Amino acid sequence: MKSCLIVDDSKVIRMVAKKILQELQFETLEAEDGKVALDACRKALPTAVLLDWNMSVMNGLEFLQELRKLPGGQQVIVVFCTTENDIDHIQEAIAHGANEYIMKPFDSEILQAKFQQVGLLDA
């Protein structure tokens with residue numbers, strides 16, 4: 001089964017994403033910041049990461065840079081999910097290895113479409 005690590009400091013966002021992803025047949029894990037997420041990835045890499053940008057302790061971009069350094073970390077599909085919607089943030093995320101970008105708020109259709117685009121779901 002494919003797994004997705006949901007990294008967001010909002011418990012509500014994690015709950016919504018978890019419900020959608022479980023309906024899409026993903027095993028889900030949650031982390032409230034980049035450090036907790038990185039620790040989880042060191043134990044076992046997920047298939048995908050749904051990643052918030054603005055978090056305390058370690059933000060999404062810092063986490064992404066560290067994830068890509070881990071053995072196998074280049075294979076993890078990373079989809080940023082954030083309120084940061086200007087082109088500079090999007091380009092920076094892609095430049096640092098993000099596979100795709102979703103704006104908050106999101107719904108099941110948006111998440112499903114993005115996960116199809118990056119090859120995590122069949123079209």
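Trainee: Where do lysine 35 and aspartate 39 lie?
Mentor: Both sit in helix H2, four residues apart, or about one turn of the helix. Helices (H or I, at least four residues) and strands (E, at least two) are DSSP runs, numbered from the N terminus. Bear in mind that this is a predicted model, where local features need pLDDT of at least 70, side-chain atom pairs count only at pLDDT 80 or more, and totals for chains, interfaces and linings use all residues. Residues are numbered from 1 along each chain as its sequence is written, and side-chain values use heavy atoms, with hydrogens and water left out.

Trainee: What do lysine 35 and aspartate 39 form?
Mentor: They form a salt bridge, with the closest N and O atoms 3.2 Å apart. The term stands for a side-chain nitrogen of Lys or Arg within 4 Å of a carboxyl oxygen of Asp or Glu.

Trainee: Is lysine 35 buried or partly exposed?
Mentor: Partly exposed, with a relative accessible area of 43%. Aspartate 39 is partly exposed as well, at 29%. Buried means under 20% relative accessible area, exposed over 50%, and partly exposed in between (1.4 Å probe, protein chains only).

Trainee: How many salt bridges are there?
Mentor: The count comes to nine. One of them joins aspartate 8 and lysine 104, at 2.7 Å from N to O. Aspartate 8 lies in the loop between strand S1 (3–7) and helix H1 (11–23), and lysine 104 in the loop between S5 and helix H5 (108–117), so the pair ties together parts 96 residues apart in sequence. Aspartate 8 and lysine 104 are buried.

Trainee: And which glutamate meets arginine 14?
Mentor: Glutamate 30, in a salt bridge of 3.0 Å, N to O. This pair links helix H1 with strand S2 (residues 27–31), 16 residues apart. Arginine 14 is buried at 10% relative accessibility, while glutamate 30 is partly exposed at 34%.

Trainee: New topic: how many aromatic pairs?
Mentor: Three. Rings of Phe, Tyr and Trp (its six-membered ring) pair if their centres lie within 6.5 Å; planes under 30 degrees apart count as stacked, over 60 as edge-to-face and the rest as tilted. Tryptophan 53 and phenylalanine 80 make a tilted pair, 5.0 Å centre to centre with 35° between the planes. Tryptophan 53 is in the loop between S3 and H3 and phenylalanine 80 is in strand S4, 27 residues apart.

Trainee: Which tyrosine pairs with phenylalanine 80?
Mentor: Tyrosine 101: the ring centres are 5.9 Å apart and the planes at 35°, so the pair is tilted. Ring pairs link Trp53, Phe80 and Tyr101 into a cluster. Phenylalanine 80 is buried, at 0% relative accessible area, and tyrosine 101 is buried at 6%.

Trainee: Which residues are buried in helix H3?
Mentor: In H3 (residues 60–69), Gly60, Leu61, Phe63, Leu64, Leu67 and Arg68 are buried. Seen down the axis, they fall within an arc of 155°, so they line one face of the helix. That arc is taken from the directions from the helix axis to the C-beta atoms.

Trainee: What covers the buried residues of H3?
Mentor: The cover includes helix H2 (34–43), strand S3 (48–51), strand S4 (77–82) and helix H4 (87–95). Contact here means heavy atoms within 4.5 Å.
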